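Dear colleague,

I am passing on to you the structure that we spoke about, and I would be glad if you could look it over before reading my notes, which follow below it.

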Amino acid sequence: MDKKPLIGHTETELKAIAKELGMPAFTGGQIARWLYVSHVEDIDGMTNISKQNRERLSEMYCVGSAAPVDCQRSKDGTVKYLFPTESGKTVETVFIPDGDRATLCVSCQVGCKMNCLFCQTGKQGFEGQLTVRDILNQIYALPERERLTNIVFMGQGEPMDNLDNVLRATEILTAPYAYAWSPRRITVSSVGIRGKLKRFLDESECHVAISLHTPLPAQREQLMPAEKGMGIMEIVTLLQDYFPADRRVPRGGVEGASHQRRLTFEYTVLGGTNDTPTHLKELVKLLRPLDCRVNLIRFHQIPDVPLKGAAEKQMEHICDYLNRNGITTTIRASRGQDIYAACGLLNTKHKEEALKASESKASEK
Ligand SMILES: C[S@@+](CC[C@H](N)C(=O)[O-])C[C@H]1O[C@@H](n2cnc3c(N)ncnc32)[C@H](O)[C@@H]1O
Ligand code: SF4
């Protein structure tokens, strides 16, 4: 029987495991700290637990961390890792240092069901959910772990489609006994899924990002089939209950001074597709009732997709227009261009190489 990983369990669950194995419940608390504070590599390293109890624990459990199996380094310092999952697949995680900040872009699924036209992970299709251990291992086994200041769920997969595990992972990241991060250092990005988005808004304190990409529902449906399940109008109506416009910091106030939860809309600018004057006007109309900001993203070209990015001047024009019309907007710095930091590409390369290797092995036989 394979040993079960301890990473991914909350303190309460670890106490239950300890009790089940005939140990005092507080041993579960000690295990939680060895895992999420000390990041031990094996159970033997939990030295304030008796040798006998460590041996008992080791009969059924292991720590469960696994180092990345591949990585690509950009000349701008961005590093893209490929982490193994419990189910034997791989997912991407991108480390993005930026002055005194360092953001980790984590994955929550292997592939994705949402099939957005512009996304390489969407092309991959859905191959499975990440477990809580898989999500946390991207942090636990990250070589730059101690430098992290922010985490964004903007890697592979749709967080609302693996909500229980995403909530459990963020619970451990923010729990005082574990990572003790403020939820304001974590952003969860979603296309919006009916029922799940509301549950997330009610049960989490983390920042929210919504992938918008066009204010026109019919066009959004073409770019993002998830629009059929929960349309952008319904998303905005729901968000008004949590981020009403009158919550905004008044002009002249210090933006970001309040430690409120933040709502951001992500808008990948596609030249000639979602950057016309009509789009800009509709964007302002759509977002006016909300206390939100917009993040303009440069499109990372992916193979066989007839979409293109926009020129730098056009990105700046959109940014100015939205800001002039009262929507706080920024352009996301493009990082790791030389290593294809756009999600999905390292995983695809890894799979193609594995396929080639197995084909050439087969032809040798
Ligand atoms: C990969 S998704 C993961 C989180 C979630 N599934 C979502 O769509 O919000 C994170 C962001 O990357 C954007 N994205 C996907 N493919 C892209 C590409 N080729 N170029 C630029 N942005 C892209 C998505 O639109 C989304 O805003
Ligand atoms: S953009 Fe997000 S939701 Fe759409 S296919 Fe990619 S990962 Fe899935």
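Which residues does Glu221 touch, not counting residues up to four places away in sequence? They are Glu227 and Lys228, where touching means that the C-beta atoms of two residues, placed from the backbone, lie within 7 Å.

Before going further, please keep in mind that this is a predicted model, in which local features need pLDDT of at least 70 and side-chain atom pairs count only at pLDDT 80 or more, while totals for chains, interfaces and linings use all residues. Residues are numbered from 1 along each chain as its sequence is written, and chains are lettered from A and ligands numbered from 1 in the order in which they are written.

To stay with Glu221 for a moment, this residue is found in helix α8, residues 217-223 (helices are DSSP runs of H or I with at least four residues, strands are runs of E with at least two, and both are numbered from the N terminus). Glu221 counts as partly exposed because it has 15 C-beta neighbours inside 10 Å; a residue is buried with 20 or more other C-beta atoms within 10 Å of its own, exposed with 12 or fewer, and partly exposed in between, the C-beta atoms being placed from the backbone. Ser204 is 17 residues from Glu221 along the chain, and their C-alpha atoms are separated by 27 Å.

As for the chain, it has 12 helices and 14 strands, and 40% of its 365 residues count as buried. The domain assignment gives domain 1 (4-62) and domain 2 (70-347), with bounds that come from an automatic or database assignment, and the C-alpha centres of the two domains lie 34 Å apart. Between them, 10 residues of domain 1 are in contact with 13 residues of domain 2, and on the domain 1 side the largest share, four residues, comes from helix α2 (residues 26-36).

Turning to the ligands, 17 residues surround ligand 1, the closest being Cys119, Ser189, Ser211, Glu266 and His300; a residue belongs here if its C-beta atom, placed from the backbone, lies within 6 Å of the molecule. Strands β10 (186-190) and β12 (263-269) each supply at least two residues of this shell. Around ligand 2 one finds several residues, among them Cys112, Cys116, Cys119, Glu158 and Ser211, so that Cys119 and Ser211 are listed for ligand 1 and for ligand 2 under the cut-off already given.

With kind regards
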